[in-house]
Amino acid sequence: QVQLVESGGDWVQAGGSLRLSCAASGNIFFINDMGWYRQAPGRQRELVATITRSDTPAYADSAKGRFTISRDNAKSTVYLQMNGLKPEDTAVYYCNAKILGMSQYDAWGQGTQVTVSS
C-alpha cells in the first residue's frame, strides 16, 4: 500500500503564496501520476493539477498561471506552489497518487486546509 501525508496548508491573505507538500511512503515504486485536488465546503472535490511520472504537468483552468506542480521522485514527494491566492482558493487540498497494480487505483492523503482571506 501507499500512504500520502500532506503538509503546508495555512491561513493567508489574498495575493499571498503557499507551498503544499505531499510525501509518499510504502510501495512507492508503483506510483504513477500524482496530483492535487481540492474540496470547498458544499462543493465536490475538483482537480487542481496533476503531474506524470516523467514530470509532465497539467492544470485546471483555475490554477493555470498561478500554481505550479512539481515532484521529486527521489524523495517520493509532490509539491504545489500556489501564488496569487484568492479567497475562492479556500478549500481542503488533497494529494492523490495513481497506483499501478493488477488495475490502477487511487491513494489519497488526509487533506490540508488552505484558507485565503480577502
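View 1. Tyr-37 is buried, with a relative accessible area of 16%, where buried means under 20% relative accessible area, exposed over 50% and partly exposed in between (1.4 Å probe, protein chains only). This is a predicted model, in which local features need pLDDT of at least 70 and side-chain atom pairs count only at pLDDT 80 or more, while totals for chains, interfaces and linings use all residues. Residues are numbered from 1 along each chain as its sequence is written, and side-chain values use heavy atoms, with hydrogens and water left out. A search of the whole structure finds one aromatic pair (ring centres of Phe, Tyr or Trp, the last by its six-membered ring, within 6.5 Å; planes under 30 degrees apart are stacked, over 60 edge-to-face, the rest tilted). That pair joins Tyr-37 to Trp-108 edge-to-face, at 5.0 Å centre to centre and with 70° between the planes. Because Tyr-37 lies in strand β4 and Trp-108 in strand β10 (residues 105–108), the pair ties together parts that are 71 residues apart in sequence; strands are DSSP runs of E, at least two residues, numbered from the N terminus. Trp-108 is partly exposed, at 35% relative accessible area.

View 2. Leu-4 lies in strand β1 (residues 2–7) and is buried, with a relative accessible area of 6%. Not counting residues up to four places away in sequence, Leu-4 touches residues including Cys-22, Met-34, Cys-95 and Trp-108, contact being heavy atoms within 4.5 Å. The C-alpha atoms of Leu-4 and Ala-97 are separated by 8.1 Å, although these residues are 93 residues apart along the chain. The largest nonpolar core has 29 residues, and Leu-4 and Met-34 are among those with the most contacts inside it; such a core is a set of buried Ala, Val, Leu, Ile, Met, Phe, Trp, Tyr and Cys residues joined through side-chain atoms within 4.5 Å. The largest share of this core, five residues, comes from β9.

**View 3. Thr-77 in strand β8.** Thr-77 is found in strand β8 and counts as buried at 10% relative accessibility. The side chain of Thr-77 reaches the backbone oxygen of Lys-75 at 2.9 Å. Leaving out residues up to four places away in sequence, Thr-77 touches Cys-22, Ala-23, Ser-70, Arg-71 and Asp-72.

**View 4. Arginines over tyrosine rings.** Arg-19 lies over the face of Tyr-79, at 4.0 Å from the ring centre, and the charged end of Arg-45 sits over the ring of Tyr-94, 3.7 Å from its centre. A charge sits over a ring if NZ of Lys or CZ of Arg is within 6 Å of the ring centre and within 35 degrees of the ring normal.

Technical notes. Helix = DSSP H or I, 4+ residues; strand = E, 2+ residues; numbered from the N terminus. Polar contact = N/O pair within 3.5 Å; in protein donor to acceptor, adjacent residues only side chain to side chain.
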